[in-house]
Amino acid sequence: MGVGGTLEYISEMISIDKPKKKKKQFNTVELKVRMDCEGCEMKVKNTLSSMSGVKSVEINRKQQKVTVTGYVEPNKVLKKAKSTGKKAEIWPYVPYNLVSQPYAAQAYDKKAPPGFVRRVDQYPTTGTVARYDDPSYVNMFSDDNPNACFIM
């Protein structure tokens, strides 16, 4: 190894980049925060505006809705909103035209704003609901199954 090889080796060691931090994505986080007065509204707005990466905070006190836009993570925004002492949760409502059965017991909520229903899971975890993709129900009345149905 000559002087040139040694210099290359040293320059490569120096130029090794440190692992770069992953850039946060631009997000819009919607929260439902219980607010009663202008004081509550200002407290929530000031707290969320002080977070790093927040570009804007919009509050609709009538709907109890807070919209935060910026380079933030939803869980951190929720945690910061709860630190004000207010009851907060991720916005639980979706427009009723996006839900297959908007007036089912799980989705219907009297407290929802007009035109919205509660967000529900696609496959309910409770109750006895047979899904069409469950093989035991599909093959129960099959002609290939000799024990399918004795009434026929």
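Colleague: What makes strand E1 (residues 27-33) and E4 a pair?

Modeller: This is a predicted model. In it, 3 bridges join E1 and E4 in the antiparallel sense. Pairing takes at least two bridges, so E1 and E4 qualify. Within E4, Glu-89 is the bridge partner of Lys-32.

Colleague: What stands opposite Lys-32 in E3?

Modeller: Lys-65 does. E1 and E3 run antiparallel and are joined by 6 bridges. E2 and E3 are also antiparallel, with 6 bridges. There, Ile-59 stands opposite Val-66.

Colleague: What is the strand order, and which strands are the edges?

Modeller: The order is E2-E3-E1-E4, in an open antiparallel sheet of 4 strands. Strand E2 (54-60) and strand E4 (88-90) pair on one side only, and that makes them the edge strands. On average, neighbouring strands are turned by 25° against each other, direction ignored.

Colleague: Where does helix H2 lie?

Modeller: Helix H2 (residues 38-49) lies across E1, E2 and strand E3 (65-70). Its direction makes an angle of about 165° with E2.

Colleague: Why is E3 called mostly covered?

Modeller: 6 of its 6 residues are buried. Lys-65, Thr-67 and Thr-69 point one way, while Val-66, Val-68 and Gly-70 point the other. In a regular strand, side chains alternate between the two faces of the sheet.

Colleague: Why does Lys-65 count as buried?

Modeller: Its relative accessibility is 14%. The cut-off is under 20%, so Lys-65 is buried.

Colleague: What makes Glu-30 and Lys-65 a salt bridge?

Modeller: N to O is 3.3 Å between the side chains. The limit is 4 Å, so the pair counts. It links distant parts of the chain: Glu-30 is in strand E1 and Lys-65 in strand E3, 35 residues apart. Glu-30 has 30% relative accessibility and is therefore classed as partly exposed, between the 20% and 50% limits.

Colleague: How many salt bridges are there, and which are the others?

Modeller: The count is 3. Arg-34 meets Asp-36, with the closest N and O atoms 3.6 Å apart. Asp-36 is at 54% relative accessibility, over 50%, so it is exposed. Glu-41 and Arg-61 meet at 3.0 Å, N to O. Glu-41 lies in helix H2 and Arg-61 in the loop between E2 and E3, so this pair ties together parts 20 residues apart in sequence.

Colleague: Which residues touch the most other members of the largest nonpolar core?

Modeller: Leu-31, Val-33, Leu-48, Val-66, Val-68 and Val-77, in a core of 17 residues. E1, H2, E2, E3 and helix H3 (74-82) each supply at least two of its residues. Nonpolar side chains tend to be buried together in soluble globular proteins.

Colleague: What does Val-33 touch beyond four places away in sequence?

Modeller: Val-44, Gln-64, Val-66, Lys-86, Lys-87 and Ala-88. Gln-64 also takes a positive phi near 65° in the hairpin of E2 and E3, which has 4 residues between the strands.

Terms used
Residues numbered from 1 in each chain as written. Predicted model: local features only at pLDDT ≥ 70, side-chain atom pairs only at ≥ 80, totals over all residues. Heavy atoms only, no water. Axes fitted to C-alpha atoms, helices over the stretch in contact; angles between N-to-C directions. Contact = heavy atoms within 4.5 Å. Core = buried A, V, L, I, M, F, W, Y, C linked by side-chain atoms within 4.5 Å. Buried < 20%, exposed > 50% of the residue type's maximum accessible area, 1.4 Å probe, protein only.
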